Amino acid sequence: MERKTLFVDVMLPLPVKGLFTYRVPFELNDFILPGQRVAIQFGRKKLYTGLIRKVHEDIPKGYAPKYILSILDELPIVNEIQFTFWDWMAEYYMCYPGEVMNAALPSAFKLASESKLRLYPGFTVGTTALNEKEALIAEALIHRDTLSIKEASDITDQMKILPLVNTLIDKKVIMLEEELKDHYKPKTEEYVRLAEAFHEDKALKEIFDKLEKRAFKQLQILLAYITIANKEDGYPEVSKSLLLKTADAVNAQMKELIRKEIFTVQIRTVSRLETRHSSDDPAKIEFNEHQQKALGRIKDNFTEKDVSLLHGVTSSGKTEIYIHLIDEALKKGKQVLYLLPEIALTTQIIHRLQRYFGNKVGVYHSRYNERERVEIWNKVNAEDPEDQYRVILGARSAIFLPFKDLGLVIVDEEHDQSYKQFDPAPRYQARDSAIFLAGLNNAKVLLGTATPSFESYYNTKSGKYGLIELNQRYRDLNMPEIIIADFRKELRKKGSPSHFTQLLLDHIEEALLKKEQVILFQNRRGFSPRLECEVCGWIPMCIRCDISLTYHKNANHMRCHYCGYHTHVPAICAECGSSRVLMHGFGTEKIEEELSIIFPEANIRRMDLDTTRSKHGHQKIINAFEKQEIDVLVGTQMVTKGLDFDHVNVVGIMNADNMINFPDFRSYERSFQLMAQVAGRSGRKEKQGKVIIQTFNPKHEVIADVVDNDYIKLYKWQMAERNRFKYPPYYRLIQVRLLYKDFKLLNEAAMVLATQLHSIFPGKVLGPEYPLVSRVKNQYIKQLLIKTSRTESVLTVKKELQRQLDDFASLKEFKKVRIRIDVDPY
């Protein structure tokens, strides 16, 4: 039989164009498949993990391809639909396919080589003059085969180690070699089993008697095993850690039992993921008349349209409809993707889904470590449906999982801006991407929200999406009463500003006396947004970004929320030396502290980025609030999104004006959404809730629409504005950002690129301008905005834009200026 010469086109997780062709060693011909990972050499020395896109026999022209080094997977980890999805994402969002691959794969799948130091062949001590630190590295390598760069840094106590390494290479003392580092290792656990010699009752009794006299703790371990294991099953294996915990024993005592050959021990691979079984008797979903009609309309719409929008007021029972549709999809043998904007939301909903669907449900988001994410990926990709996750609940990155038979996509809180990825590339919108992914899988999409994005609602009115409205709360509960607290009147009465109006404090006090709970929303974390000198106006600024530092009282420092830089709190003004440096504004930390002084008996907690950094941070706070261990929950927009609490009767919006007055064409839309969503957290069971909105402008149109719960009115007058000023959904936006450390060169580059774009897209380009924050991490920023009509071919516009960017990149004087493209940027 003739041997075939095979080649593979490989994708790399790097911002480079195209695929790279490698040759397959003959002995691997029978094992190579598209979608597998392979180890390859890229460049002179670097080793990378690549993904096979295509296997073929076409000999590359003009060069001899390198061989792949090894195949890393027995079966493909990426399927053809995923590759098609990645190609679309790279084209639509104007980035490299490798950047999409990098975002899609868990980091443990992306092996990259690590540089190792090794003694140069033939080197002997004393033949080359070495200083003290060079000698330390050489001596260490005499006793060890290799050192990592970090180990060399630790040995020499020198942070900047590369100059020292380069000197040793020049002196031919050491050499560098590349070694692939695998970050994923299966989790293993020791299991013990009673040795067969003691399975008979007589032998077992004899060993009991011996241990009772000489080793009572070992006897307790054995008794614990007999209690857990079942003789009828042949004394099966039991987890060693469980056995030690049950017997309250230590490992040394277990080792003795193994040494005496009473127990045998085996190492087993176990999952890192929690396993939950469905409830034996999950609560049966009983739909009211409104839900039943909505469910019927969704099914009718799915026969004609692939995407439908469920516009249901808060607490109308949308989740129950989702569960019913998931159940129907599973009965058809399909997989389901359930997207949520916030990790916090998964905490409550996962328990509800697991009650119905048990271990068919998996959760995927950024708080899982890289090894856990690999295991979830493998569970979605499993060949056997019994071992497979059939329902995935996750944040935006869940769209990249290797679904085999996706039948339904649910995008809950579809309006939320957290679905947009800003940095790094690909800068995708997960809601829009999920709709394209569903199309590739012939799946249906249900968008759900109480406050639709204007784009989605526009698509329903133009006939592109189906529309289902659910305007009645479950059990016919009343919508919350919305009360306006006027800051101006408060100032006239008190004469000095306060973060709390008396109206809000009175309602909080009343709720606490009735043992009811309170949520306070302030979309700014930290203690105080800025410090300012009363004498000269000096404000402490970040040294790397053009933004004021935020005071965090718990950590007792000033912090930049863009780059993480922090410094001590200044006692005096750095400009004039005055001690009159005062705090301005307030964040969640300050509200928490001041409220604790006003209501010392109340248990007050915060839920923001600072308090939820740990893996289970959200879950702990939400569980405590559900159990009424917390009386008042102060939070950022995390508290606005779909959380369901029985005993919340008062919601306070601390400052509506900051949201409304933010300089963004979407600020009115987003302000309405945030206020309506946080209002929906109150009065969800039996009793009508109350929402207090604090503002200096009680007659503002957006606030009036929130009070009237009139989404349609807001939509109509805002859409007229959007059409007039050429904003989405009537126009598409593409943002082009230029970044460089030298603002003079950046300005020159921006003007050159702007001139090119203005000539190609006359009347469609705004800028160049500095954004609100014009420097981040020592990189100055200039941006241009391209507006194109929906009637124009967006593909043609993008191709022309890319051509102009390629021409700009070829200019030597601007070679170091970085370009970032953001399609649908806001």
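How many helices and strands does the secondary structure of the chain come to? The chain holds 25 helices and 34 strands, where helices (H or I, at least four residues) and strands (E, at least two) are DSSP runs numbered from the N terminus. The model is a predicted one, in which local features need pLDDT of at least 70 and side-chain atom pairs count only at pLDDT 80 or more, while totals for chains, interfaces and linings use all residues. Residues are numbered from 1 along each chain as its sequence is written, and side-chain values use heavy atoms, with hydrogens and water left out.

**The whole chain**

Of the 826 residues, 51% count as buried. Buried means under 20% relative accessible area, exposed over 50%, and partly exposed in between (1.4 Å probe, protein chains only).

**The nonpolar cores**

Next, select Trp86, Ile326, Leu337, Leu353, Ile392, Ile399 and Met675. Of the 140 residues in the largest nonpolar core, these touch the most other members. A nonpolar core is a set of buried Ala, Val, Leu, Ile, Met, Phe, Trp, Tyr and Cys residues joined through side-chain atoms within 4.5 Å. Centre the view on isoleucine 326, which touches Val336, Tyr338, Leu353, Phe357, Val391, Leu408 and Ile410, not counting residues up to four places away in sequence; contact here means heavy atoms within 4.5 Å.

Select helix α4, residues 149-156. Its buried residues are Ala152, Ser153 and Thr156. They cover an arc of only 100° around the axis, which puts them on the same side of α4; the arc is that of the directions from the helix axis to the C-beta atoms. The face turned away from this buried side carries the exposed residues Lys150 and Asp154. Aspartate 157 follows α4 and has a positive phi, near 55°.

Move on to helix α8, residues 240-247, where Lys240, Leu243, Leu244 and Ala247 are buried. Seen down the axis of α8, these residues fall within an arc of 95°, so they line one face of the helix. Lysine 245 also lies in α8 and, at 72% relative accessibility, counts as exposed. Just after α8, aspartate 248 takes a positive phi of about 55°.

**Strands and their partners**

Select β22, β23 and β24, three strands that form an open sheet in that order, with antiparallel pairing. β22 (550-552) and β24 (566-567) stand at the edges with a single partner strand each, so one side of each is left without a neighbour in the sheet. Between β22 and β23 (residues 557-559) there are three bridges; two strands pair if DSSP finds at least two bridges between them. Show histidine 552 and its bridge partner in β23, histidine 557.

For parallel pairing, select β12 (residues 307-312) and β18, which are joined by five bridges. Strand β18 (residues 466-470) is mostly covered, with four of its five residues buried. Glycine 312 has leucine 470 in β18 as its bridge partner.

**Backbone details in the loops**

Most residues other than glycine have a negative phi, and most peptide bonds are trans. Proline 424 is found in the loop between β16 (406-412) and α14 (430-440), and proline 426 is in the loop between β16 and α14.

Select glutamate 261 in the loop between α9 (251-259) and β11 (263-270). Although not a glycine, glutamate 261 has a positive phi of about 65°, and at 59% relative accessibility it counts as exposed.

Finish at glutamine 628, in the loop between α19 (617-626) and β27 (632-635). Glutamine 628 has a positive phi of about 60° and is partly exposed, with a relative accessible area of 36%.
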